[in-house]
Amino acid sequence: MEFKREAARLLRESDKSLTAIARELGIGPGLLSKWMRQVEAEEKTGLSSDELAELKELRKENSRLKEEVVILGKATAFASRKL
């Protein structure tokens, strides 16, 4: 991860293009661009890329579980009316 941060810093502080810096680092410009977005997201949120990915997954799971609770509540209400 430190290499990614250093590459992003170099990109920010240099007058060179993204393509030129990527070539110097021996990586593709798309990869350098992706790293730059990751570093910016980490700086903005204070969370690492792994933590951001985990947070996204947990929010998705939380949403699914909330939907299940609603469905189970409706099913319970329906079943209790039948009795």
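**Helix packing in the predicted model**

Helix 1 covers residues 2-13, and its 12 residues reach 16 Å from the first C-alpha to the last, close to the 16 Å expected at 1.5 Å a residue.

Within helix 1, the buried residues are A7, A8 and L11. Looking down the helix axis, these buried residues fall within an arc of 100 degrees, so they line one face of the helix. As for what the buried residues of helix 1 sit against, they pack against helix 2 (18-25) and helix 3 (29-45).

Leaving aside residues up to four places away in sequence, A8 touches M36 and V39. L47 is another matter: 39 residues along the chain separate A8 from L47, and their C-alpha atoms are separated by 17 Å.

Next come the pairings between helices. Two packed helices are described by the angle between their axes and the distance between the axes. For helix 1 and helix 2, the axes come within 10 Å and cross at roughly 140 degrees. That makes helix 1 oblique to helix 2. The crossing of helix 1 and helix 2 is right-handed. On the helix 1 side the contact is made by F3, A7, L10 and L11, and on the helix 2 side by L18, I21 and L25.

Helix 1 meets helix 3 at an angle of about 100 degrees, and their axes are 9 Å apart. Helix 1 and helix 3 are therefore roughly perpendicular to each other. Here helix 1 brings F3, K4, R5, A7, A8, L11 and R12 to the contact, while helix 3 brings L32, W35, M36, Q38, V39, E40, E42 and E43.

Helix 2 has its own set of buried residues, namely A20, I21 and A22. The buried residues of helix 2 pack against helix 1 and helix 3. With helix 3, the packing angle is about 105 degrees and the axes of helix 2 and helix 3 are 8 Å apart. That makes helix 2 roughly perpendicular to helix 3. Where the two come together, L18, T19, I21 and A22 in helix 2 meet P29, L32 and S33 in helix 3. After helix 2 comes G26, and the phi of G26 is positive, near 80 degrees.

Buried in helix 3 are L32, W35, M36, Q38, V39 and E42. Seen down the axis of helix 3, these buried residues fall within an arc of 165 degrees, so they line one face of the helix. The other side of helix 3 has G30, R37 and K44 exposed. Following helix 3 is G46, again with a positive phi, near 80 degrees.

E42 deserves a look of its own. It is found in helix 3, and at 9% relative accessibility E42 counts as buried. Apart from residues up to four places away in sequence, E42 touches M1, R5, L47, S48 and S49. One of these, R5, belongs to the helix 1 side of the contact with helix 3.

Last, a residue from helix 4. I71 lies in that helix, which runs over residues 49-82. Its relative accessibility is 57%, so I71 counts as exposed. Between I71 and E54 there are 17 residues of separation along the chain, and the C-alpha atoms of I71 and E54 are separated by 26 Å.

Taken together, the buried residues of helix 1 pack against helix 2 and helix 3, and those of helix 2 pack against helix 1 and helix 3.

Methods. Residues numbered from 1 in each chain as written. Predicted model: local features only at pLDDT ≥ 70, side-chain atom pairs only at ≥ 80, totals over all residues. Heavy atoms only, no water. Helix = DSSP H or I, 4+ residues; strand = E, 2+ residues; numbered from the N terminus. Expected span 1.5 Å × (residues − 1). Buried < 20%, exposed > 50% of the residue type's maximum accessible area, 1.4 Å probe, protein only. Arc of directions from axis to C-beta. Contact = heavy atoms within 4.5 Å. Axes fitted to C-alpha atoms, helices over the stretch in contact; angles between N-to-C directions. Parallel < 35°, antiparallel > 145°, perpendicular 65-115°, else oblique. Left-handed = near helix turned anticlockwise from the far one by under 90°.
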